[in-house]
Every structure is written in C-alpha cells, then in structure tokens.
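Subject: Structure handover

Hello,

Here is the structure I said I would pass on. My notes on what was found in it follow below.

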Amino acid sequence: MKNNAQKAARLSVAPMMDWTDRHCRYLHRLLSGQTLLYTEMVTAPALVRGRAMHLLAFNPEEHPVALQLGGSDPQELAQAAQFGAEAGYDEINLNCGCPSDRVQSGTFGAVLMKDPGRVADCVSAMREAVDVEVTVKCRIGVDEQNPEEVLPTFLDQIRAVGCERVTIHARKAWLQGLSPKENRDIPPLDYDLVHRMKAAFPDLHISINGGITSLDQARTHLEAGLDGVMIGRAAYHQPADILAEADPLIYGTGQTADPIEVVHKMVPYIEAHLAEGGRLHQISRHMLGLFAGRPGARAWRRALSEGAVHEGAGPEVMLQALERVAPLVEV
Ligand SMILES: Cc1cc2nc3c(=O)[nH]c(=O)nc-3n(C[C@H](O)[C@H](O)[C@H](O)COP(=O)(O)O)c2cc1C
C-alpha cells in the first residue's frame, strides 16, 4: 500500500474543498490510472466528534487515493487517521497549508507552520495509529516567517518522527488580510527554495505544488530532481490536458486516455448515482472542462451545465452535449 501511494506521487491532483469530491476523483481516475488523487480536506473533529463517516466514502476504482485530514490534536488526528485507514485509503495526509478563517479558528491548516513541534506530535500519533503512509502538505512559511529558516526546521522535525513524504505549496500563506483565494495567487512562488530543500533533505520524498499548469512544467521539476509534482486548479479546470497523457509521459507506462471515451465510461457511474437518488449535475459539474481548449468545448460546457440541472436529467444530457463536441474534434 505504502509503496503504491509513494510511486503514484510522481504526479498528484491536489486536495481541493468542494472540488475533489468522489465524483471528481472517479473522473480523474478514468483519465489517468496512475496519478495519486487526494480527497478534499476532512476535519478530524468531523470524524471523531461528529461521526461523519459518510465523508470517507469512495469508489474502489479511485485507488491510489489519499485522505487529507485537518486538525491539530494528536489523539483526535490519530483516531481520524485510523478511520481513514480502515476505510481503505492508501495514505493519510495532514493539512498544514490551508489559510481559511474557519480553519484557523480550529488551529489547523497553515497556522501549524508556526508550531512544527505540534505537527511532529500529530504525525507521530497518526503514524502509530495506522500502517499506511502518513504525509504532510505544507507552505514554505506564513506571515512574517523567513521560509529559508522555518521550512528546513519544519521538515527536520517531521522527518525526525518518521514522515517520509511531504508536498510543499511553494508560497507563503498570509493568515490575515488575504482571502483563501488570494492566498493561492498573491504570495510569490519560490520554486527554487523547494528544489533546495530536496538537496538538503535527499532522503525525504518532496513534491512541489503551486502554479503548475502543464505536464511539461511537471516534467521539468521532476527532471530537476524533485520526487513529485502536485497540480490543483489546472487539473480541475483542464483535466484532460493534465491527466490524459500522464500515464505514458510521467510514469512511462499505459496509454493516453481519450476524453470522449471517458465520457462514455462515466455513463454507468452516473446511472448508479441516479439510482441512489443523486443528481446528474453533482457529477457533470466536474466534467465541464473536459474539452478545454478544443473545438466544441464551449458548446459542450454550455449544453452540459444548462441541461444537467433539470429535474430528472440523466446521462442522455451528457451524450447529447458530446455530439456537439465529437464531430468538431474530428475536423
Ligand atoms: C477550490 C480549492 C480548494 C482547496 N482546498 C484545499 C484543501 O482542502 N486542502 C489543501 O491542502 N489545499 C486546498 N487547496 C489548495 C490546493 O491544494 C493547492 O495547494 C493550491 O491550489 C495550489 O496549487 P495549484 O496552483 O496547482 O492550484 C484548495 C485549492 C482550491 C482552488
């Protein structure tokens, strides 16, 4: 299990609240058989105190899939990690990068960059509770911190308690004054620092994240010595651009996926979801960018987004939208 996730981590799709839900991950898995997929952040209190176990549901096809947890209490995180491992996740990841207010008030996310000792306690407790790999996703620092100093200290401390893999979002988070969205764009990216961390911690598996928008860029980071690349927004908005060629180009195995075939493969998945009382748009909203940059993309997007919200809409809406794409793509 551990090696599966670590091998897959050469490329990963970032955890994204409200975006990388199970339907999104199923779609991404059809585009790439190898890429590591992350859940949205699930908070440890929601699992441990709220018993919100439905948040852990996923489809077996999604493997390799990592559960991202938010929290700052070692025992609570250990319990939540155990629930995640029992549910079958291949990796448990601790969020030390999310700057939102709600998360700050619970003392977790990026604010943990200020307390590496606590992060180490959390990682240690989580590792004791599960057999699957426990990893961390962090920033290069927060607020007035000097990343050159705090990042190596942070990495040192989590490595000392056995964390072997970390993903670094290569920019600071500002805990006051910037919205979560601004915190993903405004603090400048420092890729060079992340590359230097790999040189300083050669035994640590380090993935870089932030602002990477193509497989070519991902390959450049890998060729320069990093172990993995995590892509968020680009993978969501243009999933085929990032994922369809990932298996042959990043892992050197497998075929390029055809997004049109992927649409057809979504039909039984959608039918099963509708049979359980779900709605088409809950799935199709993640598919709007599937043909981004290709002829017919706009017609597809419009037909799908407008058609899918109607009461009783089924996969036929999606297949009709596809008719607008397919002939244009063949031209
Ligand atoms: C809508 C949205 C939700 C996000 N939710 C999370 C989250 O739950 N946990 C997390 O660690 N990061 C979260 N992030 C940050 C991403 O994981 C990633 O670090 C960030 O978007 C930078 O990567 P990118 O430039 O490739 O998008 C979120 C980002 C977006 C756009």
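I begin with a loop residue: Asp143 is found in the loop between S5 and H7. Its phi is near 45 degrees, a positive value in a residue other than glycine. Asp143 counts as partly exposed because 15 C-beta neighbours fall inside 10 Å. Please keep in mind throughout that this is a predicted model.

A second residue to look at is Asp18, whose phi is near 75 degrees, again a positive value in a residue other than glycine. Asp18 sits in the loop between strand S1 (11-13) and H2. Asp18 has 8 C-beta neighbours inside 10 Å and therefore counts as exposed.

There is also a cis peptide bond, which runs from His63 to Pro64 and has omega near -5 degrees. Pro64 belongs to the loop between helix H3 (44-48) and strand S3 (65-70).

Next, the annotated site. The unreviewed UniProt entry places the feature "active site" at Cys98. In the model, Cys98 is found in the loop that joins strand S4 (91-96) to helix H5 (101-105). Is Cys98 buried or exposed? Cys98 counts as buried, because 24 C-beta neighbours lie inside 10 Å and the cut-off for buried is 20 or more.

Now the ligand. The residues around the ligand number 23, and those that come nearest are Ala14, Met16, Met41, Gly232 and Arg233. Two elements, strand S2 (36-43) and helix H10 (233-237), each supply at least two residues of this shell. By residue class, the shell around the ligand has ten nonpolar, eight polar and five charged residues.

On the overall layout, the chain is divided into domain 1 (2-251) and domain 2 (259-330). Their C-alpha centres are 29 Å apart. To the contact between them, domain 1 gives twelve residues and domain 2 gives 13 residues. On the side of domain 1 that touches domain 2, helix H2 (22-31) and helix H11 (239-243) are the elements that give two or more residues. H2 has the largest share of that side, with six residues. The residues on that side of domain 1 divide into eight nonpolar, three polar and one charged.

Helix H6 covers residues 116-129, which is 14 residues, and reaches 20 Å from its first C-alpha to its last, close to the 20 Å expected at 1.5 Å a residue. The buried residues in H6 are Pro116, Val119, Ala120, Cys122, Val123, Met126 and Ala129. In an α-helix there are 3.6 residues a turn, so residues three or four places apart point the same way. What do the buried residues of H6 pack against? Their partners are helix H4 (74-87), S4, strand S5 (133-139) and helix H7 (147-160).

Helix H7 also holds Asp156. Asp156 counts as partly exposed because it has 14 C-beta neighbours inside 10 Å. Between the C-alpha atoms of Asp156 and Gly97 the separation is 17 Å, and the two residues are 59 residues apart along the chain.

Regards

How values were computed:
Residues are numbered from 1 along each chain as its sequence is written. This is a predicted model: local features need pLDDT of at least 70, side-chain atom pairs count only at pLDDT 80 or more; totals for chains, interfaces and linings use all residues. A residue is near a molecule or strand if its C-beta atom, placed from the backbone, lies within 6 Å of it. Helices (H or I, at least four residues) and strands (E, at least two) are DSSP runs, numbered from the N terminus. Ala, Val, Leu, Ile, Met, Phe, Trp, Tyr, Cys and Pro count as nonpolar, Asp, Glu, Lys and Arg as charged, and the others, Gly among them, as polar. UniProt positions are given in the numbering used here, feature names are shortened, and annotations may be inferred rather than shown by experiment. A residue is buried if 20 or more other C-beta atoms lie within 10 Å of its own, exposed if 12 or fewer, and partly exposed in between; C-beta atoms are placed from the backbone. Domain bounds come from an automatic or database domain assignment. Two residues are in contact if their C-beta atoms, placed from the backbone, lie within 7 Å. The expected span of a helix is 1.5 Å times one less than its number of residues.
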